[in-house]
Amino acid sequence: MRIAVIDSSPLIHLVHLELAQQLILFFDLIYVPSAVQREVNRKQRFRYRLKKLYGTGVFKRCTSAAKDRVELLMAELHEGEAEALVQAQERNATYFIGDERRAREIGEAQGLMLVGTLRILARLNIQGQAEETTKLVRKLRKDLKFRVTDELVEQAIAMAGEVI
């Protein structure tokens, strides 16, 4: 079973592009930590969209039992990232869907497979499920002030052939 935990940034980006439901092509179960739920509702106010994702049966709400471990990680990360990484261990997830560099470094040290917004967009594009990656990135930059270098976009496109 392909289990992932998602952070708020990729969730916001994918929902904005109306591509979040496409994650079912890659994952059997995607946990959304409570801190991530609060953050996306506060920043983007999309309770209805989250409810729709939960209705797919692939996205699941979750809370961390190890609050102390979350607090330790919060010395270096935002609450959503910290909780997502702790949840990944508690839920035996294989994947961490996140964009922030430090969270990805910690996730990699935990043995998680890392997947970010760019890689998902590029992979969806080559599978015929999304528009051209650079066009989607332009939209995110314009609408959500998505900050990413052109070099990272090109790297993601080059990696798109690798299965998630």
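The second largest pocket of this predicted model is lined by Leu14, Val15, Glu18, Leu19, Ala20, Gln21, Tyr48, Arg49, Lys52 and Leu53. Here a pocket is an open set of points on a 1 Å grid over the protein atoms alone, where a 1.4 Å probe fits, with protein on both sides within 12 Å along at least five of seven lines, and a lining residue has an atom within 4 Å of a point. The elements that give two or more residues to this lining are α1 and α3 (47-54), and α3 gives the most, with 4 residues. Helices (H or I, at least four residues) are DSSP runs, numbered from the N terminus.

Of the 33 residues that line the largest pocket, Asp99, Glu100, Arg101, Phe146 and Arg147 are the closest to its centre.

| Pocket | Volume |
|---|---|
| Largest pocket | about 1100 Å³ |
| Second largest pocket | about 210 Å³ |

The C-alpha atoms of the protein fill a box of roughly 40 × 35 × 30 Å, taken along the principal axes.

Residues are numbered from 1 along each chain as its sequence is written. In this predicted model local features need pLDDT of at least 70 and side-chain atom pairs count only at pLDDT 80 or more, while totals for chains, interfaces and linings use all residues, and side-chain values use heavy atoms, with hydrogens and water left out.

How values were computed. Points joined across faces, edges and corners; volume = space filled by probe spheres on them.
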